[in-house]
Amino acid sequence: MKSTPHLSAPSGPGSGRRGLFALTALGLCLALTTVVPLHAQSRASEPVVLNFVGAEIEAVARTMANITGRNVVVDPRVKGLINLSTERPVSPAAALNQFAAVLRLQGFSLVDTGGLYKIVPEADAKLQGNVVNAGPASRLPASNTVVTQIFRLNHESANNLVPVLRPLIGPNNTINVNPGNNSLVITDYSDNLQRIGRIISALDVSGATDVDIIPLQHALAIDLVPLVSRLIEGSSGGAAAPGQADTSFRTTLVAEPRSNSLILRAANPARVALVRSIVTRLDQPSSQVASGNIYVVYLKNANAVALATTLRAALAGEASGAASSSGGGARPVTIAAGANPATSPVAASASPSTGGQIQADPATNALIITAPEPQYRQLRAVIDQLDSRRAQVYVESLIAEVNADKAAEFGIQWQGPLGNSGNSLIGLLGTNFGSGGNNIFNLAAASPGTVAPGAGLNLGVAAQKNGVYFLGFLARFLQSTGEGNVLSTPNLLTLDNEEAKIVIGQNVPFVTGQFTNTGSNEGSVNPFQTIERKDVGITLRVKPQISENGTIKMTIFQEVSSVQASSVNSSTGLITNKRTIESTVLVDDGAIVVLGGLLQDEYSGNEDKVPGLGDVPLFGNLFKSQSRSRKKTNLMVFLRPVVMRDGRETSNLALDRYELMRAIQKDNQPKPSSVLGVNEAPVMPPERAPGALLPPLGAPLTAPPMPAPGQ
């Protein structure tokens, strides 16, 4: 026989009032989704003894609704038999908690949604409207219901705790991070959240000390920071796992030049003691003689010669200011302008500067300072501010030129003699227009093959007079069109406030003079010509200056020149077409500015005709010649500067252009040929890692494998 689950009340005083009741599971037939109504409220506080053996979940849920006075909804997917019994009487709340524990073991959850209990699969419990608690997790009741707890962290990073807590949470429940306020949002069972709350409280402790200031007596703070930082980094533990590195509690050491102190923030007091011991050992008086205060400062970015001049001028200005305050006159300062770096040739290394307290050594890019220690500290503070990495500017220039030329010519010429051979007077009648091969008289008088007719369609008729053929009629038709589309993009990369220049073109010779010695009777001897070579093509010279608000002031010189094709064989020399822009503009970082351009539309028309006859409609075309031409030129120059403030941006730009050129080389491989042995073109090697961009010295550039013919 199937066992009968029952629910009994304890005996004792007052048991007669409470009575004994039982509920059998046999014959219960519940709907797929069962809503259990609320029953007598007087029974909600009576202790009960549970004894369910092999009972349906729906039946037990209905019983729990009777003893707790709460409505219970059972999901249709919740099916199965459970065993639930107690040896002693328990309160209705404890009975409900034991029921939730049995459901939890079966893979189901009891979710509290504002007075209504839902029994759903555990995977869906987090999606139901459960209780949300933002206070301490210790205030949660130790129950087997699913709730959502918000943990706000004060010291530890929430991202660092996720891999620690994730294994402690059920696979069907969730843990999320809110980086905005450094908090964790966890949905799980209430009793498990209490345990997780205790773990978080133990981990969320202050992991860093307060800011500590270490004054120095002898050493310079600026020199000591890099050395101590390297020692501390070398003594730290192993590196964190990828993706879990947290630098919030690393040892931070900053130099404060004004008070010559170190500002320290460490992860724990032991690290503070370690840093202090290292600083104490290094902060010792110098062993050199007090009168020989000579210091060497190696520069990282600035030019030693230029910086030495600046510092000497600053010291001279300070001395002159002191002299002025005591009644002395100030000495004038003379500034010499250097040559243009864009046009000056590359010079040899500069020689060391001499004189004064500050000298420069160009070979090592270092400063040699002779000064007492207090003054050296002042100079060192200025040097560290000036010896900073300068930003770079990548300038993209775009030159777009579109040309369209059209020309048309039409003309009719004719001639004829009047009279016979032997007459004393012979008349000539006709028209002639143009010159050279376009003139009827030149073509008629020239020997065959000596003068070529003009370009286009030439229609001529030769007549015979007195046994001699002569050109009596010539009609000429010509129409020509020409179009050009030129796009040039010269690019430049230069330091802030440094001029750069790029020339793309040809170096063309121009004859500037010639001499022939005719003093000898034997003829001219020792002739010569003087030639000047000039760059013809595209020239871009730019000097950018970055302001504090991010705008860029640019001094620009742009030139586009070319040799006119018609002047190549000219006796008077070459003719160059030149378009030049010289301007100073202010551009935002990454913005495009138009420098200038040329929008030109030319029209010309020419007509030669016989007066009167050329004006006759239709018939007048036999007595005139016409030519028309139209030339349109559209030229615009654009500029786009981009500021690159660190090495990462510069490297990204270089790799982008590198991959662009490599892709172009791969797309321009020769077609495979079994007859010709050359089937590969050089291709730049793929970028692998910093420092490994190019192949080893002497290794050839390899091309990608080519498919076999027919593939």
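1. Which residues of the largest nonpolar core touch the most other members? Val 60, Met 64, Leu 84, Phe 99 and Ile 119 do, in a core of 26 residues. A nonpolar core here is a set of buried Ala, Val, Leu, Ile, Met, Phe, Trp, Tyr and Cys residues joined through side-chain atoms within 4.5 Å; buried means under 20% relative accessible area, with a 1.4 Å probe and protein chains only.

2. The model is predicted, with local features needing pLDDT of at least 70 and side-chain atom pairs pLDDT 80 or more, while totals for chains, interfaces and linings use all residues. Residues are numbered from 1 along each chain as its sequence is written, and side-chain values use heavy atoms, without hydrogens and water.

3. Among the elements that each supply at least two residues of this core are helices H2 (57-68) and H3 (92-105) and strand S5 (81-85).

4. Leaving aside neighbours within four places in sequence, Val 60 is in contact (heavy atoms within 4.5 Å) with Phe 52, Ala 55, Ile 82, Leu 84 and Phe 99. Another core, of 23 residues, lies apart from the largest one and includes Ala 500 and Val 643.

5. In helix H6 (residues 190-203) sits Ile 196, which is buried at a relative accessible area of 0%. With the same exclusion of neighbours within four places in sequence, Ile 196 is in contact with Phe 151, Leu 165, Leu 168, Ile 169 and Ile 186. Ile 186 is 10 residues from Ile 196 in sequence and 9.4 Å away, C-alpha to C-alpha.

Note on methods
Buried means under 20% relative accessible area, exposed over 50%, partly exposed in between (1.4 Å probe, protein chains only). Helices (H or I, at least four residues) and strands (E, at least two) are DSSP runs, numbered from the N terminus.
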